[in-house]
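Biologist: I am new to this structure and would like a close look at a single part. Please take me through it step by step.

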Amino acid sequence: DRDYSALYAGYLLLRCLDHSLRLLYDRPGDIVPTSPAHLTRLAQEVGHTLADSGDASGEALVALIQETRDTIRGCFDRLTR
């Protein structure tokens, strides 16, 4: 159950990022912008995902993406052992 919840939350975030990147920059979500202005705009677009922390900054978004990737990797490692 814990892995399911984590994987589903990760899926929702990554789909939201992909959708937002396609709408804002007309490109798929496999590359997150690196400029602070673009990151801030993207963070504002997916701000509902960051609502728990109340921080819709680019840095908060990058941290959330990294945390989500680490969580997904941990689930994958547990499930494939």
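Biologist: Which hand does the crossing of α1 and α2 have? Please give me the helices around that crossing as well.

Modeller: The crossing of α1 and α2 is right-handed. Keep in mind that this is a predicted model.

Start with the setting. The chain has three helices and zero strands. Along the sequence the pattern reads α-α-α. Of the 81 residues in the chain, 28% are buried. The C-alpha trace spans about 40 × 25 × 15 Å along its principal axes. Among contacts with a separation of 6 or more, 39% join residues 24 or more positions apart.

Now the crossing itself. Two packed helices are described by the angle between their axes and the distance between the axes. For α1 and α2, the angle is about 120° and the axes are 10 Å apart. That angle makes α1 oblique to α2. On the α1 side, the contact is made by L17, S20, L21, L24 and Y25. On the α2 side, H38, R41, L42 and E45 take part. By class, this contact of α1 with α2 has five nonpolar, two polar and two charged residues.

Next, look at α2 from the inside. Its residues L39, L42 and A43 are buried. They cover an arc of only 100° around the axis, so they sit on the same side of α2. Both α1 and α3 are included in what covers these buried residues of α2.

The axes of α2 and α3 come within 7 Å and cross at roughly 70°. That makes α2 roughly perpendicular to α3.

Helix α1 covers residues 2-25 and helix α3 covers residues 58-79. Their axes come within 9 Å and cross at roughly 140°. The two helices are therefore oblique to each other. The crossing of α1 and α3 is left-handed, whereas that of α1 and α2 is right-handed. In α1, the residues R2, D3, A6, L7, G10, L13, L14 and L17 take part. They meet L61, L64, I65, T68, T71, I72, C75, R78 and L79 in α3. By class, this contact of α1 with α3 has 11 nonpolar, three polar and three charged residues.

D3 lies in helix α1. D3 is buried, because its relative accessible area is 17%, and the cut-off for buried is under 20%. Leaving out residues up to four places away in sequence, D3 touches C75, R78 and L79. At 15% relative accessibility, D18 counts as buried. Beyond four places in sequence, D18 touches P28 and G29.

Finally, follow the chain out of α1. D26 sits in the loop between α1 and α2, and α2 covers residues 36-45. D26 is exposed, with a relative accessible area of 71%. Most residues other than glycine have a negative phi. D26 is not a glycine, yet its phi is positive, about 55°. R27 is found in the loop between α1 and α2 as well. R27 is partly exposed, with a relative accessible area of 31%. Not counting residues up to four places away in sequence, R27 touches L21, R22 and P33.

Terms used: Residues are numbered from 1 along each chain as its sequence is written. This is a predicted model: local features need pLDDT of at least 70, side-chain atom pairs count only at pLDDT 80 or more; totals for chains, interfaces and linings use all residues. Side-chain values use heavy atoms; hydrogens and water are left out. Axes are lines fitted to C-alpha atoms, for helices over the stretch in contact, and angles run from 0 to 180 degrees between N-to-C directions. Helices (H or I, at least four residues) and strands (E, at least two) are DSSP runs, numbered from the N terminus. Angles under 35 degrees count as roughly parallel, over 145 as roughly antiparallel, 65 to 115 as roughly perpendicular and the rest as oblique. A crossing is left-handed if the near helix is turned anticlockwise from the far one by less than a right angle, and right-handed if clockwise. Contact means heavy atoms within 4.5 Å. Ala, Val, Leu, Ile, Met, Phe, Trp, Tyr, Cys and Pro count as nonpolar, Asp, Glu, Lys and Arg as charged, and the others, Gly among them, as polar. Buried means under 20% relative accessible area, exposed over 50%, partly exposed in between (1.4 Å probe, protein chains only). The arc is that of the directions from the helix axis to the C-beta atoms.
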